[in-house]
Each structure stands twice: as structure tokens, then as C-alpha cells.
Amino acid sequence: MSSALEVFKTGLMDDRTVFITGGGSGIGRGICDILGGLGARIFIASRNPEKLRTAVQELDANGVTADFMTVDVRDYQQVEAAIGQCAKRFGGIDILINNAAGNFNCPTAELSPNGWKTVIDIDLNGTFFCCKAAYPHLKESEHARIISITTTLGRSGWPQAAHAGAAKAGIQSLTNALAVEWAPDGILVNSVSPGPIAGTVGVDKLYVKTGQEELMTSRVALRRFGRVEDIAGAVAFLCSPAGDYVTGAELVADGGRQWTFASAS
Ligand code: NAP
Ligand code: COA
């Protein structure tokens, strides 16, 4: 299996600290493996302590320096405390990965105001909270990056998940604004948009459990779901010196799904 670890130089991320939300599972966990494998220190923030503890133990077993704090990204004070703890523990923050998200399929006419608010709070407000709290630390770094995990369904609109689509579109807008506002501080701000990634909660909940796996695979130009490593590799590229002139971009790693969708309708 191809991996960014075979592409990038060993130790490329030595002395860099990554603060990642939702890094205990799925795509976030894969990002921890790759950036940690390249030498970065990893600090994971999310709600479930068992998941976090297991992830940190596994990273540790692979020689990665890692720590965690339980955080609900909907609470700014919790976010600020975790960012502060990470900076104190590891001496700063170089890379912020906004990966935490919540989602579920629901026709918009049936979506409750709190259902809408819950997803906007986790995805969009949580991303803003992390960016704001991390900013004073990132601007001290010589390799500062913010990378948010979004989806092209934010741009197109997301029928049955309008809440998540709107939140992801908002994150891209925030990404573009911060790319300009924080460029003088040397902070590069980008997003990575995965297609459907096999074995993740997102795909399981939205496509497998709803019997749409085959249909959704047929809507990917490459005719397969992606791997967590495919997304972690895109993130590693943006964090590497190869990404030094990239800011305000959406790096789409979706097997060509966005255009297959467009031509299918
Ligand atoms: P996942 O494993 O469920 O990851 C989401 C993470 O977010 C979990 O580890 C969860 O950890 C954390 N989280 C949820 N609510 C939180 C909250 N209120 N505060 C703090 N952490 C919270 O799902 P995934 O599929 O890997 O998704 C990762 C990212 O990729 C998301 O941004 C998603 O929108 C994006 N994405 C995924 C796909 C896909 O095919 N899977 C496609 C496009 C985009 P706790 O339970 O510990 O809180
Ligand atoms: N359909 C319709 N509404 C739903 C729903 C569904 N499948 N799941 C939750 N909701 C609504 C709830 O009814 C509630 O609204 P209400 O108070 O008006 O009844 C609101 O959303 C909040 O639900 P709750 O279960 O209290 O939220 P939570 O904070 O415990 O969990 C979720 C947040 C709902 C996003 C949960 O799915 C989660 O934690 N997800 C994280 C993992 C994930 O989604 N990964 C995939 C990323 S792509």
C-alpha cells in the first residue's frame, strides 16, 4: 500500500507539533500516523477519552510522541484550554488540523433546529474556535499550517445533509479569509476535501448503513472508495516544503467524484 511515509523524507516533521481535533478515529487517526511517522509530536483533542487513550498508546508504541485532552470543540473555553495544554507540553504549535465533525442524513424539512445547530457548532464554529485559540501559537512558528478537512459537497450543496454541507462551505470561506488575513504571520491556511473514505464512521453512517455503497462507488471516477492514507498524504504534502506556496486552496482528493456527480445529474 502506498503511503506518504515512502514519499517524504524521514524526520521531515521533526520538532513540529500537530494539534488535531478528532484524531482518535478515521481520517484523523490516519493523519496522526503519517505526520507522527514523519517525526511530528501529536496532540489529539476530542470527546471520548477511551478512543483518545488508545490512539495515543498506539502512536506511542510506534515511537510517536503523543498526548491528548478531552474536548468538545463546541465549547471555546475547552478548546482554549486544550490548545494551551498542547503548547505548554510541547513548547508551541506548528500545525492545526481541524478534522472533528458530526454528521447524519436527514431531510431538511425534518431537521430540528437543534440538529442543524449541533452540526454547525461542531464543524464550523469548532473550526473557528480552534483557529482563534491556536493563532497566537501558530504565528510564532516558522512552519505554520492550518488544514481543515472539508468536502466538495459544501460547494455543491448536500441534499439530505444540508447542515453539514453549509458548515463545510463556511469552513472553506473561513479558510480563504484566514489565508489572506494571516499570510503576513506566515500561516498557510488550506483545506483537504476527501471523497468517500472506506472504513470510516462517515461512510458507514451515510452510505453503508443506508444501502448506498454500490451507488456511491459508481459515482467516483476511479470506481473505488478512498483510503485514509490517501487523505493523510494530501495533508502531509500541504505540511511539507512542497506546499510552501499553497494557501487558500482546497486540495480535492476524491477520486474524481465531484465531476462524476456533476455529469451524472
Ligand atoms: P470520525 O471517525 O467520526 O471522525 C470525527 C471525529 O470528530 C471523531 O474522532 C470524534 O471524536 C470527533 N468529534 C465529533 N464531535 C466532536 C466534538 N463535538 N468535539 C470534539 N471532537 C468531536 O469520521 P471521519 O469520517 O474520519 O471524518 C473525519 C473528517 O473527514 C470530518 O471532518 C469529515 O467531515 C471529513 N470527511 C470525511 C469523509 C469520509 O468519507 N469519511 C468524506 C469527506 C469528509 P469523539 O467521538 O472522541 O469526540
Ligand atoms: N436524524 C435527525 N436528527 C438527528 C439525528 C439523525 N440521525 N441525529 C441527531 N439528530 C438531532 C437530535 O435529535 C438532536 O436534536 P433535538 O434536540 O432537536 O432532538 C440534535 O441532532 C443533537 O443530537 P445529540 O444526539 O444530542 O447530539 P450529540 O452532541 O450527542 O452528537 C451528533 C452529535 C448527532 C453529530 C453525533 O452523530 C456525533 O457525535 N457524531 C460524531 C461522529 C460523526 O458524525 N462522524 C462522521 C463525520 S462525517
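Student: Which polar side-chain atom lies 2.6 Å from an oxygen atom of ligand 2?

Tutor: A polar contact is read here as a pair of N or O atoms within 3.5 Å. In this predicted model, the atom in question belongs to Ser112. Two further side chains can be read in this way: an N or O atom of Arg47 is 2.9 Å from an oxygen atom of ligand 2, and for Lys205 the distance to a ligand oxygen is 3.0 Å.

Student: How much of the accessible area of ligand 2 does the protein cover?

Tutor: Ligand 2 on its own has 930 Å² of accessible area, and the protein covers 54% of it.

Student: Which elements give two or more residues to the shell around ligand 2?

Tutor: Those elements are H5 and H8. The shell has 14 residues, and the nearest are Arg47, Arg74, Ser112, Asn114 and Lys205. By class, the shell divides into 4 nonpolar, 7 polar and 3 charged residues.

Student: Turning to the pockets, what is the volume of the largest pocket?

Tutor: A pocket is found on the protein atoms alone. The volume of the largest one is about 970 Å³. Its lining comprises 42 residues, of which Asn99, Ala101, Gly102, Val201 and Gly202 are the closest to the centre. Two or more lining residues come from each of helix H2 (26-37), strand E2 (41-46), helix H5 (113-138), helix H7 (162-181) and helix H8 (201-208).

Student: Which element gives the most to that lining, and how do the lining residues of the largest pocket divide by class?

Tutor: H8 gives the most, with 6 residues. The classes are 20 nonpolar, 14 polar and 8 charged.

Student: How much space lies in the second largest pocket, and which residues are the closest to its centre?

Tutor: The second largest pocket holds about 350 Å³. Its lining has 20 residues, with Leu153, Gly157, Trp158, Pro159 and Phe261 the closest to the centre. At least two lining residues are supplied by each of helix H6 (153-156), H8 and helix H11 (257-264).

Student: Where does the largest share of this second lining come from?

Tutor: The largest share comes from H11, with 5 residues. The lining of the second largest pocket has 9 nonpolar, 7 polar and 4 charged residues.

Notes:
Residues numbered from 1 in each chain as written. Chains lettered and ligands numbered in written order. Predicted model: local features only at pLDDT ≥ 70, side-chain atom pairs only at ≥ 80, totals over all residues. Heavy atoms only, no water. 1 Å grid on protein atoms, 1.4 Å probe; cavity = no way out; pocket = protein on both sides within 12 Å on 5 of 7 lines; lining within 4 Å. Points joined across faces, edges and corners; volume = space filled by probe spheres on them. Helix = DSSP H or I, 4+ residues; strand = E, 2+ residues; numbered from the N terminus. Nonpolar A, V, L, I, M, F, W, Y, C, P; charged D, E, K, R; others polar. Near = heavy atom within 4 Å. Polar contact = N/O pair within 3.5 Å; in protein donor to acceptor, adjacent residues only side chain to side chain. Areas by Shrake-Rupley, 256 points an atom, 1.4 Å probe, with all protein chains shown as cover.
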